[in-house]
Amino acid sequence: MDLKNVLERYIFPGAVFCGGMIGVGFLSLPYVATRAGIWVTIIYFIVVTSLMLSLNLAFVKISLKTPDFKRFPGFAKHYLGHWGQVIASVCIVFGTIGVLLAYIIVGGEFLTNIFLPIFGGSNFVYSFIYFLAGSLIVFFGIKAIARAETLVLVGLILCLVFIFLKNSGYINLNNVLAAGSEPSLKNLFLPFGPLVFSLWGAALIPEVEEMLIGKKKNLKKIIFWSVCAVAIFYFLFVLLIVGITGAGTTESALTGLKNFLGNGSSTAALIAGVLATFTAFIAQGIVLKKTLMFDLGVKHWQAFVMTTFTPMILFLMGFKSFISIVSFIGGVLLGIEGILILLMYKKIGGKKIIIYPLLLIFVLGIAYEIFYFSK
């Protein structure tokens with residue numbers, strides 16, 4: 001097999017899947033590990049990675065049996081009827097709004113840490129600048145920036161490799177082992193939502209399938225190895241950040257580095273973080289705007305306002321806890337999407353030994369998150 005075939009059959013589709021999966025969620029994982037403990041986090045990594053592998057491979061079978069050029073609400077309507085489409089659409093709309101809110105929170109924090117020492121101001125000012133710049137691009141729909149998301153994420157990964165190579169002397173294994181030294185029942189279940197959020201990629205599977213015209217038999221391998229690769233990257237990221245910052249690990253990971261590393265390394269990481277979250281904000285915003293316009297019949301201006309102003313209004317109302325947001329989206333909204341996938345999988349004759357245990361896990365995860373956020 002020549003290089004061109006390898007790129008077309010495996011590398012490019014895998015890069016699309018990995019690039020779409022790696023978003024803002026993984027930045028929460030080091031903080032989660034310091035609260036739950038490294039050994040609990042390792043168990044969750046194994047369990048949730050296995051869960052996502054099983055769910056994604058189930059969705060691969062669904063996707064291969066379904067006519068092309070459908071997305072998640074279309075799949076739900078095809079197999080579950082109108083009610084399935086409605087629930088899927090609601091989850092996607094509110095889930096994306098939550099993701100955009102998370103980007104505003106984290107992107108604003110990154111900008112604050114970069115520019116506050118130079119120009120002054122406040123976190124609100126820099127969050128508003130981030131929101132305003134992203135909203136203008138979402139309104140005009142500049143596709144070139146949205147397409148740069150994967151390249152920027154690669155830049156973030158390279159930046160983290162640079163930090164590791166340059167600052168390996170700062171990594172202290174004792175910081176990792178001491179994580180979660182004061183365990184609690186609340187923190188015991190904390191990693192579930194953020195890990196589901198960070199490893200979620202089911203919605204990208206139809207996109208990857210359409211890249212594999214004539215080569216769809218490779219889809220299962222691509223999804224399997226991509227999920228494994230991303231999970232390994234996340235775990236190494238946790239070890240890197242917790243090993244450096246220890247108990248000083250912040251909710252968005254990179255902001256805590258400035259207290260332990262030189263200005264050069266921490267600023268480089270923060271700039272990469274701003275670019276990664278900003279391009280993802282644009283891409284997610286444009287997708288949601290088009291979903292509202294094309295699937296729900298909302299006019300362009302109204303779709304733009306709903307897409308961009310809703311997360312900012314939530315930010316102004318005080319929804320600023322990054323961990324809480326990714327936990328709720330991962331544990332509840334994506335949990336509901338997972339249940340819909342399993343119900344679709346059942347429709348095509350899926351294995352009960354896979355369906356019912358996974359259904360139980362998602363139901364328990366949803367119940368925990370609702371109980372946790374209702375307190």
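This is a predicted model: local features need pLDDT of at least 70, side-chain atom pairs count only at pLDDT 80 or more; totals for chains, interfaces and linings use all residues.
Residues are numbered from 1 along each chain as its sequence is written, and side-chain values use heavy atoms, with hydrogens and water left out.

**Packed helices**

Two packed helices are described by the angle between their axes and the distance between the axes. Helices here are DSSP runs (H or I, at least four residues), numbered from the N terminus, and their axes are lines fitted to C-alpha atoms over the stretch in contact, with angles from 0 to 180 degrees between N-to-C directions.

| Helix pair | Angle | Axis distance |
|---|---|---|
| α14 (263-295) and α15 | about 135° | 9 Å |
| α5 and α6 (123-140) | about 120° | 7 Å |
| α3 (38-64) and α11 (192-199) | about 45° | 10 Å |

α14 passes α15 in a right-handed crossing, a term used when the near helix is turned clockwise from the far one by less than a right angle. Gly285, Leu288, Lys289, Leu292 and Met293 of α14 make this contact (heavy atoms within 4.5 Å) with His300, Ala303, Phe304, Met306 and Thr307 of α15.

The crossing of α3 and α11 is also right-handed, and on the α11 side the contact is made by Phe192, Leu195, Val196 and Leu199. By class, the contact of α3 with α11 has nine nonpolar, one polar and no charged residues, where Ala, Val, Leu, Ile, Met, Phe, Trp, Tyr, Cys and Pro count as nonpolar, Asp, Glu, Lys and Arg as charged, and the others, Gly among them, as polar.

**The second largest pocket**

A pocket is an open set of points on a 1 Å grid where a 1.4 Å probe fits, with protein on both sides within 12 Å along at least five of seven lines, and its lining residues have an atom within 4 Å of a point. The second largest pocket is lined by 15 residues, of which Leu101, Leu314, Phe319, Ile325 and Phe328 lie nearest its centre. The elements giving two or more residues to this lining are α5 (82-119), α15 (300-316) and α16 (322-347), and α16 gives the most, with five residues. By class, the lining divides into ten nonpolar, four polar and one charged residues.
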